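Reader: Could we go through this model together? I would like to begin with the terms and then turn to individual elements.
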Amino acid sequence: AYAASSGGKWYVATNARDPGPYERVGPPAFSPDSTRLAYVAMLPGEKRTVVANNKPGAAYDLILEGRIVFSPDGRKMVYGAQKQDQWFVVVEDQEIGPYAFLGSATGFQFSKDGKRLAFAAMLPDKKWCMVVDGKPQAPHENVANVAFSPDGKRLACAVCDGGKWRAVVDQKQHEPYDAIGADTLQFSPDGTKLAYAARSGKKWCVVINGKAEKAYDDVH
């Protein structure tokens, strides 16, 4: 699949077909099982829609970063969309929200089996919270680094309050640190242990199930 323009209009060509025309289109994305093809398209009046298997969805003012995310099994499609200054997370045409904004850094995180979804959302008071399976969790000043355990039963994220970062695992808070290494939250294959890199002052350590290991100048 690829996007192409002709006569000032845009099309997405696949298997010798060219659905369209649209004012503009984003990069086409296949689901992991290759059964679905989706892309963002601009409609007249600068509205946006997500076209999935040649079928346009609802029209919105913006699509978050023009990104579409599929679950690992390809059965669910999710994207962020704005209408009238409010943001929604759209999962298979069902809207979750509204929110003041969505976490573009954390993105949309599916569990490995595709049954669970987590994302960061800004509340009207400018606080951030994780939304897990459609339910908002406790608010924080900032959130980042989301990870499901391999079996999808456990969830960890990094949150910031008062300038300190800490891991929250199954909604239980670990000890605070000056920083938590970006994208370092890692569950063991059986999901019983969580490890991440954390910094106190100028020293870094690895934290395993909430217990800090030996301090070093840096860790990778």
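Author: Contact here means heavy atoms within 4.5 Å. With neighbours within four places in sequence left aside, Leu185 is in contact with Asn145, Ala147, Ala156, Cys157, Ala158, Ala167, Leu194, Ala195 and Tyr196.

Reader: What are the conventions behind the numbering and the model?
Author: This is a predicted model, in which local features need pLDDT of at least 70, side-chain atom pairs count only at pLDDT 80 or more, and totals for chains, interfaces and linings use all residues. Residues are numbered from 1 along each chain as its sequence is written, and side-chain values use heavy atoms, with hydrogens and water left out.

Reader: How many helices and strands are there?
Author: The protein chain has zero helices and 26 strands. Both are DSSP runs numbered from the N terminus: helices are H or I with at least four residues, strands E with at least two.

Reader: Back to Leu185: which residues touch the most other members of the largest nonpolar core?
Author: Leu185, Leu194 and Tyr196 do, in a core of 17 residues. β18 (142-148), β19, β20 (164-169), β24 (194-200) and β25 (203-208) each supply at least two of its residues. Another core, of 15 residues, lies apart from it and includes Leu64, Val91, Tyr99 and Phe108. A nonpolar core is a set of buried Ala, Val, Leu, Ile, Met, Phe, Trp, Tyr and Cys residues joined through side-chain atoms within 4.5 Å.

Reader: And Ala158, buried or exposed?
Author: Ala158 is buried, at a relative accessible area of 0%. Buried means under 20% relative accessible area, exposed over 50%, and partly exposed in between (1.4 Å probe, protein chains only). Ala158 sits in strand β19 (residues 155-161).

Reader: Switching topic, why is β15 largely enclosed?
Author: Six of the six residues of strand β15 (residues 117-122) are buried, so the rest of the structure largely encloses β15. Leu117, Phe119 and Ala121 point one way, whereas Ala118, Ala120 and Met122 point the other way.

Reader: Which way does β14 pair with β15?
Author: Strand β14 (residues 108-110) pairs with β15 in the antiparallel sense over three bridges; two strands pair if DSSP finds at least two bridges between them. Phe110 stands opposite Leu117. The two strands form a hairpin with six residues between them, and Gly114 in the turn has a positive phi of about 80 degrees.

Reader: What about β16?
Author: β15 and strand β16 (residues 128-132) pair in the antiparallel sense over five bridges, with Val131 as the bridge partner of Phe119.
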